[in-house]
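These are my notebook entries on a single protein chain. I set down what I looked up, entry by entry.

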Amino acid sequence: MLIIALVAATALIVIWLILLGRANQDDWITAAYNKVFDNLRAIEKLRRKQAAFDVKRLVFSGVPDIFLKLFQGNGADKKINKLLSINEQLKNGDLKSVHLFVMPGYVLQREFQSIGRGEIHKVIMTKNYELYGKKHAVNLTKHLLAKLLSYPLIGTAVTLMLGVTLNSAGSTTAGAAILGIGLALVIVLTYAMFDELNEKIRKRRESISRQFPNVASKLALLVTSGMIVDRAWKETAYSQETQLYMEMRRTSEELDNLVSPESAYSDFISRCNTKETAKLASAILQNHSKGNAEIGRLLKDLAREAWQERRHTAKRDAEKANSKLMIPTMMLLLAILVMLMVPVAMNFSGL
């Protein structure tokens with residue numbers, strides 16, 4: 001059994017090394033592109049965090065401000081500069097910051113079409129298209145699929161090697177535990193990487209649905225006051241920095257770059273993927289293609305429906321929160337009862 005595990009671990013490592021050696025220039029370029037994109041997303045998060053920190057500092061002054069800087073810190077600028085420096089190096093062809101562990105996955109996708117164009121690839125592509133748009137979906141799909149292929153390969157090899165080593169040293173129980181726990185972790189972590197997309201999409205859709213009533217109300221107000229729809233869309237898009245407004249801004253930029261309204265708003269529907277945004281974009285498309293003197297009334301109806309749905313959602317969330325609080329409340333009550341009954345029981349026992 002130990003020999004079989006050792007042979008399997010050695011074979012997996014050899015396969016991983018062979019695949020790493022077969023990585024070509026296109027594979028490295030794709031990996032570098034994804035590294036740059038990941039760094040840009042990290043920079044955006046750091047800048048939002050820094051902006052929130054600056055807002056907090058405006059509220060405080062004197063000693064509270066000193067404590068705020070001491071405990072929360074504002075080292076975002078250093079991190080941002082470091083990430084920008086890494087991106088500059090990658091753009092100049094310095095690929096030392098690209099992780100080697102992911103490269104065999106790119107090779108497997110390129111050499112086996114059943115992997116690189118299979119069902120899993122299509123599912124990941126659809127999710128990335130919704131999250132990041134058409135421009136980045138292809139490369140980001142390759143990157144995630146590369147991790148799903150490469151990490152389990154090296155993870156399984158390392159787990160088998162550690163298990164065999166411990167068994168050879170006489171720690172049979174520890175070796176068996178490492179094998180079982182290690183292989184389980186490889187499976188769980190691999191699935192977690194894939195399932196992370198579902199969680200991001202769920203949070204994104206919830207965020208868009210929460211922001212939609214405000215967007216619909218702003219559009220209805222601007223259009224009914226006499227502003228044309230495209231101008232009202234642009235004014236609304238640049239009024240805030242949250243998710244739905246950013247998607248509207250992207251659509252506005254596409255329209256400014258002479259992309260057809262049908263294509264721009266269809267992409268908006270695909271990226272947001274909620275029923276509210278689909279109704280809104282469809283109404284505006286109808287206004288573009290056929291003309292609709294009642295677009296203001298339609299927007300008012302959408303806004304009213306959105307606020308009603310928002311109230312219903314708030315009630316449902318409150319009910320869910322109450323049900324979740326039931327268990328800790330019962331546990332707290334039980335703890336109080338124990339604290340009250342134990343001294344009483346001790347007094348009775350002492351009589």
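Is Leu258 buried or exposed? I found that Leu258 counts as exposed, because its relative accessibility is 78%; the cut-offs are under 20% relative accessible area for buried, over 50% for exposed and in between for partly exposed, with a 1.4 Å probe and protein chains only.

**Entry: source and conventions.** I note that the model is predicted, that local features need pLDDT of at least 70 and side-chain atom pairs pLDDT 80 or more, while totals for chains, interfaces and linings use all residues. Residues are numbered from 1 along each chain as its sequence is written, and side-chain values use heavy atoms, leaving out hydrogens and water.

**Entry: overall make-up.** I looked up the secondary structure and found 14 helices and 0 strands; these are DSSP runs numbered from the N terminus, helices being H or I of at least four residues and strands E of at least two. Of the 351 residues in the protein, 35% are buried. Where contacts (heavy atoms within 4.5 Å) join residues at least 6 apart in sequence, 68% of them join residues at least 24 apart.

**Entry: loops with positive phi.** Leu258 sits in the loop between H11 and H12. Asn273, also not a glycine, has a positive phi of about 55° and is placed in the loop between H12 and H13. Asn273 counts as partly exposed because its relative accessibility is 37%.

**Entry: helix H9.** After H9 comes Gly226, with a positive phi near 115°.

**Entry: nonpolar cores.** I recorded a largest nonpolar core of 27 residues, in which Leu219, Trp233, Leu244, Met248, Leu280 and Leu299 have the most contacts. Such a core is a set of buried Ala, Val, Leu, Ile, Met, Phe, Trp, Tyr and Cys residues joined through side-chain atoms within 4.5 Å. At least two residues each come from H9 (172-224), H10, H11 (243-256), H12, H13 (275-289) and H14 (295-350). H9 gives the most to this core, with 7 residues. Another core, of 25 residues, lies apart from it and includes Leu20, Ala23, Tyr106 and Val164.

Which residues does Met248 contact, leaving aside its neighbours within four places in sequence? I listed Val215, Leu219, Trp233, Thr236, Ala237 and Phe268.

**Entry: aromatic pairs.** I counted 4 aromatic pairs, meaning rings of Phe, Tyr and Trp (its six-membered ring) with centres within 6.5 Å; planes under 30 degrees apart are stacked, over 60 edge-to-face and the rest tilted. Phe37 and Tyr132 are edge-to-face, 5.8 Å centre to centre with 90° between the planes. This pair links H2 (residues 25-59) and H7 (residues 119-132), its partners being 95 residues apart. Phe37 and Tyr132 are both buried.

Why is the pair of Trp233 and Tyr265 edge-to-face? The planes of Trp233 and Tyr265 stand at 85° with ring centres 5.1 Å apart, so the pair is edge-to-face. Trp233 lies in H10 (residues 229-237) and Tyr265 in H12 (residues 261-272), so the pair ties together parts 32 residues apart in sequence. Ring pairs join Trp233, Tyr265 and Phe268 into a cluster.
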